[in-house]
Each structure stands twice: as C-alpha cells, then as structure tokens.
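Dear colleague,

My notes on what was found in it follow directly after.

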Amino acid sequence: MISIIVNGSRREIQAPEDTPLLYVLRNDLHLTGPQFGCGMMQCGACSVLLEGKEIRSCLTPVSAAANKEVTTLEGLPGRWAKQQGLSTADAAKTLHPVQQAWIAEQTPLCGFCQNGMMIKATELLERVEKPTIAQIKDAFTTSGPSAHLCRCGSYTAIIEAVQHAATLMAKGGK
Amino acid sequence: MATLSERPAKVFGATLTRRQFVKAGGALVVGFGLVGADVWNHPARAAVSGNSLDPTLPGSWIEIHPDNTILIRTGKSDFGQSTTFTAYRQIVAEELSASFEAITTVVSGDTDRTPDGSGAFDFLGRGTPNIRKAAAYVYQALLDLASRRLGVPKSELSVKDGLISGGGKKVSYGDLVKGQQLSLTIPVKGSLTSIMGLTVDGNPPMKPVSQYSVIGKSFRNSVTTSKVSARETWATDVRLPGMLHARMVHPKTLGSTLISVGPVDKAQFPNAQVIVKGSLVGVVAPTEWEAIRAAEQVASGTKWTDWKGLPGNANLFQHLRADADWKSTPVMKSDKTTDEVEPAFAKAAKKLSASYEFPFMKHAPIGPTMAVADVHPDGMVHIYTHNQNPQALRGEIAHMLGTTIDNVVVHIYPGAGHYGRSNGGNAGAEDEAVILSQAAGHPVRVQWMRPEDFQWSTQSAAAFSDVEIGLDANGRIIAYQIDHYMPAMQDDRPVGAIIAGLPTMAAPDVNPPPGSIISTVNGLSDPWIYDGVANLVEQGHGTFQIGQKASPLAIGIRDHSMRTPGQFQQNYPRELAISEAAALAGADAIQFRIDHAKEDRVIGVLKAVREASAWDTRPSPHSNASSTGSTPVRGRGVSVMLRSGTYWACVCQIAVTPSTGVIAVEKYAIAVDPGIVINPMQLKRQVEGGAVMGISQALLEEATFDESGITSRDWLTYPILKMNQIPEIKVVLLHRPEVGAYGGGSEAANALAAPAIAAALFDATGKNARRLPLKPAYVQELLRG
C-alpha cells in the first residue's frame with residue numbers, strides 16, 4: 001500500500017500503484033481542485049505541487065508520490081498558514097494570497113483551468129518574490145511539461161493576479 | 001389554510017390578486033402564487049407542461065422573502081460569462097430598487113428549478129432579458145400592495161433598498177410578503193425546450209436609466225470565490241451512490257459501423273462490463289482507472305467497417321466549390337440588399353475581386369465533455385452536467401428514449417466552457433451516459449478523453465466568401481457584393497444516439513421541421529454597417545454537412561455554433577475586403593470606414609479605437625513594408641462589427657518575420673459600445689478573454705481531417721494561444737446610457753482579431769492573406785509568392 005502526505009495529512013492509498021495521482025486525489029480522497037483536462041500533460045488543469053514543485057497529476061502514477069508531500073488547491077491556505085506560522089483559528093479563515101488575488105482580480109472566466117494556474121503561480125511566487133511580466137509568461141508557458149492553457153483567454157487577468165498576489169505576499173497576505 | 005381573495009387588478013398586462021394567507025407557525029417563505037384563469041388558455045401553457053415551475057407566475061422567477069432577501073431563477077446557465085451572477089442580479093436589484101446584496105440566491109439552469117429554458121447565449125443582447133421584465137412586473141405589484149397597505153396612492157410612493165416610503169409611512173418588501181400569498185400572473189410565449197426557450201411578454205414600465213444606481217458598478221462574481229477556494233461542486237465532481245465510471249469506445253471513423261466487440265480480460269479487469277447498443281460501445285467499471293484501461297483493451301480488439309468519404313482538409317475548399325450542392329438550398333439575401341448592383345459595377349473606376357477561406361475550428365473546451373446519468377427503474381432520468389441549454393437537452397433525451405420531458409430532469413453544474421457547442425442541447429457525453437446507465441442499471445459517469453473530444457464533437461463550420469467591390473474615381477465604394485458559402489452550421493443531434501441507432505431530430509436539411517433552426521439555410525448574420533454604400537448585395541448560400549449523407553452512420557463532419565457563429569464566418573471576409581478596398585482607394589482604413597458609415601455608434605467605436613491604438617492615419621501598406629528578410633516588419637489593421645446590440649472595433653498591431661512567417665500580435669486595442677455597461681469589470685474580463693481566443697483562432701486554429709475523420713486529437717495537433725503569445729491588450733468600454741438597452745458583451749470579441757491581423761499583415765508586407773489560420777508555413781509561402 002502506498003502512503004502519501006496530502007495537504008499536511010498522511011493518507012493510505014488503496015488504489016493500484018499505476019493509478020494516476022489525479023484519479024486518487026479526485027475519486028479516493030475527494031480533493032477535486034485538480035481537474036482532468038487532457039490526461040496527456042499538455043494543459044495543466046490537473047496540476048498539484050509535489051514537494052513544492054508543480055507536476056501534472058494526470059500522468060504521474062500515485063507510486064511516484066509515495067511518502068512525498070502533495071499540495072492541492074484545497075491545501076494552499078494551509079500551506080500559506082504554515083509558512084506564515086498562523087494559528088489554527090487564523091489559518092481556517094485564510095485563503096492563500098494567490099487565491100485572494102484571483103478573487104480580487106476576478107480572474108477566472110469558466111475557471112476550469114484555474115486550479116493549475118493558481119498552483120503554478122504559487123510555485124513561481126515561492127521562488128521569485130516579485131516576478132516581471134516576462135518571468136510570469138515564461139513560468140506559465142515554458143517552465144513545465146507544457147504551457148498552462150486557458151481556452152477562455154484569461155491570460156491577462158492571470159498576469160495581473162500574479163502581480164497582485166506578489167504584493168499581498170510581500171505584506172504577509174494582508 | 002384559509003384564503004381570502006380580493007378583486008384582481010390588471011398591472012400592465014399582468015394580473016394581480018391578493019390572498020390573505022393564514023397559517024399557524026409563524027412567517028412563511030412566500031413568493032408569488034397561483035392565479036389567473038385567462039392564462040390557462042395561453043399558448044405557452046402546452047409548452048410548459050412538465051416544468052415544475054409555472055413561468056406565468058413571478059414566483060417562478062423571483063422570490064421575495066420575509067427577511068428581505070431575494071432569490072432569482074433563470075434557465076440560463078453560466079459558462080464563464082458571469083452574467084447570471086453579476087449582471088442579472090444587478091438588473092433585478094435595479095428594477096426592484098433593492099440592493100445588489102439583497103439578492104442572495106441565484107438558481108440557474110436546472111430544468112426542475114428554473115422557468116424559461118433557452119441557451120447560455122444572448123444573455124443581454126435583446127436589451128430586455130426575461131428576468132428584467134419579470135422584475136419590472138414584480139416591482140409594480142409590490143407598489144400596488146404597498147399602496148393598499150399604506151393607504152397612499154402608488155404615484156406618491158418611493159423605494160430605496162427594498163423599503164417603500166410614502167405619506168410619512170414605510171414598509172419593507174419583506175413585510176409586504178410576510179404571511180401572505182401574493183398572486184401575479186405574467187404573460188409568456190415561446191416553447192420551453194426550443195433553442196430560444198420562453199420569453200416574458202408585455203411591456204411593464206422599466207426604471208428610467210437616469211435613476212440607475214446598481215447597474216454600472218463592478219460587482220464581483222460570487223461563483224469566482226467558490227471556484228478559486230475549491231468549494232464549488234463542478235459537474236466533474238458529481239458522484240452518486242453506486243455510480244460506475246465509463247469510457248467510450250467510439251467507432252474507427254465517422255462512417256464506421258460495428259462488426260464485433262473486442263474482449264475484456266476478466267482476470268485483469270474483474271469488474272469491467274462492456275455495453276453495446278447499435279454501434280455504440282462503452283465500458284463501465286466501479287473505478288475510473290479500471291474503466292480507462294479496460295476500455296483501451298476493448299478498443300484494441302474491436303472491429304469496425306472502414307469508411308473513406310471525406311475530402312480531407314487539403315481539398316476542403318476545392319470540394320466545397322466543385323462538389324458541394326449549393327442549388328438545393330434557397331439563397332438568402334440580407335435586409336439591406338438593394339436591387340441593381342451590376343450597373344454600378346459597370347461604372348466602377350477600380351474593382352476588387354477576392355475570395356476568402358475560413359477553416360473548420362473546434363470549440364476545444366479545456367476539459368473534455370462529461371456527464372453523469374441516472375436512469376431509475378421507473379423510467380425517471382436525471383442528468384448531471386454542464387450544459388448551455390438544459391431544457392433542449394431534456395427534450396432530446398426524452399425523444400431518444402421515447403418518453404416525455406416530465407421524465408427527464410437536467411441538473412446543471414459548472415464545467416469547462418465550450419463556447420456554443422451545447423446551445424442546442426448537447427455537448428457530447430450526456431446521451432451516452434443515459435444509454436449506459438439504462439443498460440447498467442446504475443448511475444454512470446461518462447468522461448470523454450481528450451482525443452475523443454476533438455474527434456467526436458461538432459466543429460465550427462468551414463466557409464468561403466466571394467467579394468466584389470467597385471470604387472468610383474474618388475475612391476468611394478459604389479457597389480459591393482458578397483456571397484457567403486457555408487455548410488449547415490448547427491447539428492443538434494446527440495452523437496451517441498446516432499451511433500446507437502436511437503431516435504434523434506433530423507439532420508440539417510433544406511426544409512427544417514416547423515420551429516426548428518436546424519437547416520442547410522445560410523442566413524445573413526453580419527449586419528451591414530456601411531450605410532453610405534448605395535448598391536449592395538449580400539447573399540448566403542447553404543449546403544449539407546460534409547460527408548453526413550454518405551456516412552453509413554449519418555455522421556460525417558457535424559457542425560455547430562461556436563462563439564459568434566456564422567457572423568464570424570461572414571464578418572471576416574467583409575472586414576478584410578473593406579481593408580483591401582481602402583488600400584485600393586489609397587485611403588486610411590479607419591477613415592475609409594468612417595466615410596462609408598452613417599450610424600453614430602459605428603463611427604464612435606472606430607474613433608475610440610483609433611485613439612486607443614494611437615493609430616497614424618495613412619493608407620496601407622506601410623512605406624517600410626517588406627515581404628522578405630529575417631528582420632520583423634510591422635503593420636496594423638482594423639475591423640468593426642455589430643452584434644446583439646453591441647458595436648465593436650479592434651486594432652491589431654503585429655510584427656511578422658518574412659523569412660519564418662511567424663506573426664506576433666504586439667498590441668491589441670478594442671472599443672466596445674454595448675449601450676448601457678452593466679458591470680465594467682466583468683465586461684472587461686469577458687472582452688479580454690474573447691480577444692485572446694480571437695487571436696488564437698486567427699493565428700493557429702484549424703481542425704484537420706483526412707478521408708475518414710477529424711485528425712486533430714490533442715493540444716499539439718490543435719494548438720491554442722499560450723500566455724507568452726498574448727499582446728498588450730487595451731479595452732475601451734463606451735458607456736452610452738442614452739441607448740437605454742444592454743447589448744451582448746460576453747461573446748463577440750473573438751471575431752474581431754482575424755480580419756484585423758490579416759489587414760495588418762498586408763500593411764506590413766504588401767501581401768494579401770485571404771485564408772485562416774495565419775500559420776507560419778502559410779504566411780511564409782504567401783510572402784515568397
């Protein structure tokens with residue numbers, strides 16, 4: 001049996017080892033932030049953080065995450081709270097600055113791809129405090145297995161939200 | 001329960017009565033209840049049978065609760081436009097003189113909980129959405145009630161934030177409805193399960209625009225918060241007890257029928273079950289991974305007849321010109337077409353003759369179509385999905401099963417936007433989920449894989465247009481003729497039902513059944529805006545879908561509305577030809593358009609985009625234009641369009657490298673005049689999104705096909721624009737309260753880029769590109785030629 005640490009909790013997985021992580025998260029652990037977009041690592045809708053690095057859960061077998069730390073969209077507030085040393089009570093009512101910025105900028109249109117966009121933004125902002133527009137474009141286009149695709153065309157809003165999130169994070173999320 | 005009826009009163013065509021409602025146990029949540037013998041004879045009555053809500057009752061649309069909160073219902077489902085959660089709330093709040101925040105609940109889409117049907121399009125385009133009229137009727141009724149309650153004439157009442165004042169007294173909406181059943185019947189017409197659904201009729205007085213205080217503000221979309229926080233239940237998240245996961249094994253080609261089904265290794269996949277209906281093959285299993293792997297195994301052993309009945313995309317336009325039947329379908333003419341155009345052409349000093357080609361494109365939702373269906377033993381069917389026209393879907397499923405719509409309920413959840421694909425009722429997976437659930441005796445979740453979504457869904461129709469423009473010696477257009485050719489653009493037959501051999505509506509044909517829009521007729525959908533042109537002919541020629549008649553499955557290349565449907569195919573050749581005509585006249589492309597327009601709003605958007613783009617007034621091509629070399633050359637182009645009451649103009653500035661043919665759109669400016677701007681922030685986001693999709697369509701998008709089927713299968717074979725390919729985008733919203741109506745704003749921006757980019761390519765290189773997409777290989781070849 002495989003054991004993975006998901007959003008801070010250790011979870012025992014019954015599914016066959018070759019099951020893609022995405023189906024384990026969605027069907028077994030009921031973490032439905034990551035979405036099935038292509039099953040080919042071509043779009044980014046299924047992204048999660050594995051040890052802080054953005055990966056595509058649609059083709060990553062659950063065995064590749066054994067004993068590693070997985071963060072999904074649901075886990076972003078907890079990740080931020082832990083990084084900031086917030087109390088449990090404060091953590092419960094906090095969204096990650098990336099999520100706050102996505103709301104403030106009214107970024108999603110249909111929103112189906114935005115899980116991956118917010119995961120990618122989190123990875124970027126943990127690495128680069130104040131990314132330039134060129135760095136943001138590079139992160140979302142060339143840094144991963146494929147570009148993160150948005151069919152509704154929300155790229156401008158994503159760039160603005162990443163910049164907004166960087167400002168929030170610099171101020172400790174306030 | 002005791003009721004005390006009072007004399008009914010007529011309220012602007014609606015009927016109001018009041019019944020005292022007495023019941024032990026405190027306050028009731030009461031909307032507006034039942035009354036009105038006259039409406040039972042209304043034509044809408046038959047059409048609404050099977051709907052649990054009566055659309056003639058305002059309570060079906062709007063509930064005012066004793067705690068002063070308000071609930072609204074609309075048959076429209078959200079596809080990322082946000083309109084039902086922002087603009088519709090603002091409109092209702094405005095008409096009721098309530099606060100935006102008072103509207104705490106929006107019920108949308110579900111067929112058992114919403115009154116009017118229709119598709120997730122044209123939310124605002126006709127200026128008066130159903131929900132606005134319903135609110136206006138309710139407002140009048142509330143004033144009437146307040147007048148009686150307070151003993152103050154209606155004309156002396158005023159309302160602010162849901163509090164009615166008059167004669168020194170006050171009463172809130174909540175107090176007016178508390179403990180009562182208030183009855184108002186409103187007129188409706190139409191058919192619930194048709195593409196347009198029901199329409200609220202009559203002319204209730206509307207709030208004067210000058211008194212608006214809620215419309216015009218940038219309220220946030222509440223659903224955005226739940227989606228971003230991972231608290232939303234998406235269609236993809238629906239799980240029912242006993243539900244099986246399914247994957248389909250679709251035919252080998254768009255004309256293949258089933259010979260034999262491949263085996264499934266029970267040792268390897270002990271819980272998988274193969275279901276066959278006609279040529280429809282599906283595999284169900286309790287876990288998704290088992291369903292996927294077992295379906296792959298079944299697919300590898302399944303035998304199909306072969307079929308080669310398509311021309312292949314390399315021969316598409318040759319096929320359409322030479323082989324397609326354009327004679328059986330009546331030729332359509334636009335309203336503005338004049339009689340005599342030949343004499344004017346004979347007098348022309350200069351003449352442009354050009355043909356333009358528009359490829360098949362895919363809706364290409366970022367998530368493939370999926371649905372959960374639950375067919376109960378008693379025949380009741382529940383479908384859980386993301387769909388643009390749930391009532392129409394309900395009708396199609398009932399038709400497929402030979403039952404009535406009373407037995408079908410469609411539940412709507414958020415999902416991946418698909419830009420028109422399901423506006424006539426189905427997106428692909430719904431009917432297949434129903435067929436499999438019925439056979440399996442369990443709820444079934446059908447999820448298409450990425451290649452299936454490209455290869456088994458409908459496409460935006462290919463088209464070509466022939467244009468002739470005659471200029472006089474002063475460079476003015478004296479004659480214009482355009483002939484648009486396009487196969488049937490809307491096929492709403494559920495594909496699984498076709499493959500399974502179950503009943504569906506007819507395929508698009510010359511003579512559609514009454515009330516159906518499914519036909520081969522190619523109507524004129526790009527309103528003419530150059531009213532200074534005296535001699536004009538605009539014609540639409542239609543034909544059958546390619547391969548559909550020849551396919552043993554009756555499938556072939558099925559087409560469907562896609563964002564700005566039909567009009568994109570017609571506006572692209574028109575606007576590009578107008579830019580070419582301006583160049584032929586030696587005129588500036590924006591000034592040339594202004595000189596041929598008469599309407600203020602057309603001229604207004606052109607002037608606004610000219611300013612926003614810092615346009616330098618001069619003819620094209622640019623004096624530095626070059627079609628050779630490895631140094632990028634730059635150019636700019638313009639386009640303009642009127643759709644659904646909204647005026648659009650766009651300027652694209654591009655850099656093209658002749659040696660590689662690579663085009664980069666560097667700057668994009670767009671001016672939008674929808675009349676009243678309801679929510680500036682949401683409109684801006686919608687327009688930005690449409691702009692990006694439009695650039696993607698112009699530069700990259702073409703559904704490829706061979707003799708047997710669609711060969712686009714993933715994001716490598718059907719690329720869309722990536723973040724590092726977007727330009728700097730400037731959106732100018734022109735708020736024109738004097739127009740007094742809301743134009744549609746969430747759709748049309750995607751159509752503007754293609755003609756503007758092609759015109760910019762001419763400006764930069766002096767070469768005319770007359771087909772889409774403007775991929776490097778094509779541009780390179782064009783510039784060499």
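The model is a predicted one, and chain A in it is divided into two parts: domain 1 covers residues 2-73, and domain 2 covers residues 76-170. Between the C-alpha centres of these two domains of chain A there is a distance of 19 Å.

The two domains touch each other. Domain 1 of chain A gives 21 residues to this contact, and domain 2 of chain A gives 18 residues. On the domain 1 side, the elements that supply two or more residues are β3 (47-50) and β4 (53-56) of chain A. By residue type, that side of domain 1 consists of eight nonpolar, ten polar and three charged residues.

Turning to the chain as a whole, the secondary structure of chain A amounts to seven helices and five strands. Read from the N terminus, their order is β-β-α-β-β-β-α-α-α-α-α-α. Chain A has a radius of gyration of 15 Å, close to the 16 Å that the globule rule gives for 174 residues, so the chain is as compact as a globular protein of that length. The C-alpha trace of chain A spans about 45 × 40 × 25 Å along its principal axes.

Two further values describe the packing. Of the 174 residues in chain A, 58% count as buried. Among contacts in chain A with a separation of 6 or more, 61% are made by residues 24 or more positions apart.

Yours sincerely

Notes
Residues are numbered from 1 along each chain as its sequence is written. Chains are lettered from A and ligands numbered from 1 in the order in which they are written. This is a predicted model: local features need pLDDT of at least 70, side-chain atom pairs count only at pLDDT 80 or more; totals for chains, interfaces and linings use all residues. Domain bounds come from an automatic or database domain assignment. Two residues are in contact if their C-beta atoms, placed from the backbone, lie within 7 Å. Helices (H or I, at least four residues) and strands (E, at least two) are DSSP runs, numbered from the N terminus. Ala, Val, Leu, Ile, Met, Phe, Trp, Tyr, Cys and Pro count as nonpolar, Asp, Glu, Lys and Arg as charged, and the others, Gly among them, as polar. The radius of gyration is taken over C-alpha atoms; the globule rule is 2.2 Å times the number of residues to the power 0.38. A residue is buried if 20 or more other C-beta atoms lie within 10 Å of its own, exposed if 12 or fewer, and partly exposed in between; C-beta atoms are placed from the backbone.
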